[in-house]
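Please examine the sequence and the three-dimensional structure shown below. The briefing that follows is arranged by topic.

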Amino acid sequence: MSGEDAPAQQQQNAVDQKQETKPTEEPKAESPTKTESAPAAAEGGAAPAGAPEKVPEEDTFSYRSLVLTGYGGYDKVKLQVKKGKPALKAGEVQVQVKACGLNFADLMARQGLYERLPSPPVTPGMECSGVVEAVGEEVTDRKVGDKVMVLNRFGLWQEVVVVPAGHTFLMPEGMTFEEAAALPVNYITAYMMLFDFGNLRPNQSVLIHAAAGGVGIAATQLCKTVKDVTVFGTASASKHETISAGGVTHTIDYRTKDYVEEVRKISPKGLDVILDPLGGSDTHKAYNLLKPMGKLITYGAANMLAGQRKNLIAVAKNWYHQFSIHTLSLIQGNKSVCGFHLGYLDGEMELISQAMNTILDLYKQEKIKPRIDSTWHLEQVGDAMRKMQERNNIGKVILTTEPMPEEEKKEEAKKEEKKEEKKKEDKKKDDKKKDDGKKEEKKDDKKKEEPKKEEKKEEEKKEEPKKEEK
């Protein structure tokens, strides 16, 4: 979820959709020409007679891109090659991407549950980091060679992106590209919820769901910048040691315990701030857990995501339990409910930049630092999404644009072969079960028929004496 100019994004999407795409393994190894560079022909005059005609760079330029080809499972995001150099307009910069961030919204988008992503085919991705390699006219605060973080509504899971200069932020000295790709969405979301909506102050209490995820870790670190804040964090038991070391005061295993009861044991009056990414019935629980003057900030509907593909039952259940409240209840309860969605802060880049500047200052002061769970090649995007969707990550899942080494490619190919073999084996087992089931049904039918045959024989026997009498 990221805020940005809607018209600018429609323009970026239009550029991407006009470019020819095809499945690939290896792109052409060509680097883009910076706009400051003068054409060679201008320096040396016309090409000699008989020399081969030079193909314009715009026609030969290509780069790899992840494309959502349709809604469904992990295999719907495919690695393709886009041909043609992206158009660079006034106020825009071209960035050579080094790393991309994976967010929960990307998982929902793959299932068609995230309305801020245009319809497929489209390149997902709301944040990345890289190096500026070309600047358009009217850009005065960025130059070729700048290391930047990029925030956009979509379109960043590729090797080259063109975005408005205002959607980029200079990376601090010493920050890695992986950290830079992990920072924008999670930390802006956490910061604006805790401080703009939550007005977090010393000696208050906060509940953070999914405390081992990207937003969860960001929120925990930001809570630590305020004196004596008590943090309650939910996560599976295997992650408790890590999140405790990161600043969570009270860990709760949501899989085996009722987090409402656990919170009430320690804080009977309730909590000051609750961050709710779950939706549905959990939003009701969160509201009831608030102290007087408490604030509930809801920012997602993770409960809708159940399984690799869209689960209509989970979606329906979430909507059925959708939280709704009368203003009179808010007044009488002295509570507030806020909704946050970074993707809908269109045209509010000034507001986002203010938050980002504060976040970067905290990074420079070493008060916050993104935790990287794992880094995956673009070819491994399916595995990266699976890890996050199955809640196996602690921290941020990152995609790198660095080409996968040949040996790793071979290993990936073997894994895919094994997966296909397993699918075939599973299909054979399923078919065998079906056949066995049919056989059992036939046996049962046969058993049912046998008593009928016996009855028929008995009737025939009874009829025979009657026939003989006649």
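Which residues of helix 6 meet which residues of helix 7? On the helix 6 side they are Asn186, Tyr187, Thr189, Ala190, Tyr191, Met193, Leu194 and Phe195, and on the helix 7 side Gly214, Val215, Ala218, Ala219, Gln221, Leu222 and Cys223. The model is a predicted one. Its protein chain contains 15 helices and 16 strands, and 47% of its 470 residues are buried. Among contacts between residues at least 6 apart in sequence, 72% join residues at least 24 apart.

**Helix 6 and helix 7**

- Two packed helices are described by the angle between their axes and the distance between the axes.
- Helix 6 covers residues 184-197, and helix 7 covers residues 214-223.
- The axes of these two helices come within 8 Å and cross at roughly 50°.
- The crossing of helix 6 and helix 7 is right-handed.

- Strands of a sheet pair through backbone hydrogen bonds, either parallel or antiparallel.
- An open sheet of six strands has the order 11-10-9-12-13-14, and the pairing in it is parallel.
- Strand 11 and strand 14 (336-339) stand at the edges with a single partner strand each, so one side of each is left without a neighbour in the sheet.
- From one strand to the next, the twist averages 15°.
- Helix 10 (residues 281-288) packs on this sheet, where it touches strand 12, strand 13 and strand 14.
- The direction of helix 10 makes about 150° with that of strand 13.
- Strand 12 (residues 271-276) and strand 13 (residues 290-298) run parallel and are joined by five bridges.
- Asp276 stands opposite Thr298 in strand 13.

**Strand 10 and its two partners**

- Why is strand 10 described as largely enclosed by the rest of the structure? Four of the five residues of this strand (residues 230-234) are buried, so the description follows from that count.
- Strand 9 (residues 205-208) pairs with strand 10 in the parallel sense over four bridges, and Val206 stands opposite Val231 in strand 10.
- Strand 11 (residues 250-252) pairs with strand 10 in the parallel sense over three bridges, and Thr234 stands opposite Ile252 in strand 11.
- Strand 9, helix 7 and strand 10 make a right-handed β-α-β unit.
- Strand 10, helix 8 (residues 240-246) and strand 11 also make a right-handed β-α-β unit.

**Buried positions in helices**

- How many of the nine residues of helix 14 are buried? Seven are, and helix 14 (residues 381-389) is thus mostly covered.
- The buried residues of helix 14 are Val381, Gly382, Asp383, Ala384, Met385, Met388 and Gln389.
- Arg391 follows helix 14 and has a positive phi, near 60°.
- Glu179 lies in helix 5 (residues 177-182).
- Is Glu179 buried or exposed? Its relative accessibility is 7%, and residues under 20% count as buried, so Glu179 is buried.
- Residues up to four places away in sequence not being counted, Glu179 touches Gly174, Tyr363, Lys369, Pro370 and Ile372.

**Backbone features in the loops**

- Most residues other than glycine have a negative phi, and most peptide bonds are trans.
- Asn199, although it is not a glycine, has a positive phi of about 45°.
- Asn199 is found in the loop between helix 6 and strand 9, and with a relative accessible area of 39% it is partly exposed.
- Asn203 lies in the loop between helix 6 and strand 9, and its phi is positive, near 70°.
- Asn203 counts as exposed at 58% relative accessibility, the cut-off for exposed being over 50%.
- Where is the cis peptide bond that has omega near 0°? This bond runs from Pro120 to Pro121.
- Pro121 has its place in the loop between helix 4 (104-110) and strand 5 (127-135).

Technical notes. Residues numbered from 1 in each chain as written. Predicted model: local features only at pLDDT ≥ 70, side-chain atom pairs only at ≥ 80, totals over all residues. Heavy atoms only, no water. Buried < 20%, exposed > 50% of the residue type's maximum accessible area, 1.4 Å probe, protein only. Pairing = 2+ DSSP bridges. Right-handed = clockwise from strand over helix to strand, strands pointing away. Axes fitted to C-alpha atoms, helices over the stretch in contact; angles between N-to-C directions. Left-handed = near helix turned anticlockwise from the far one by under 90°. Contact = heavy atoms within 4.5 Å.
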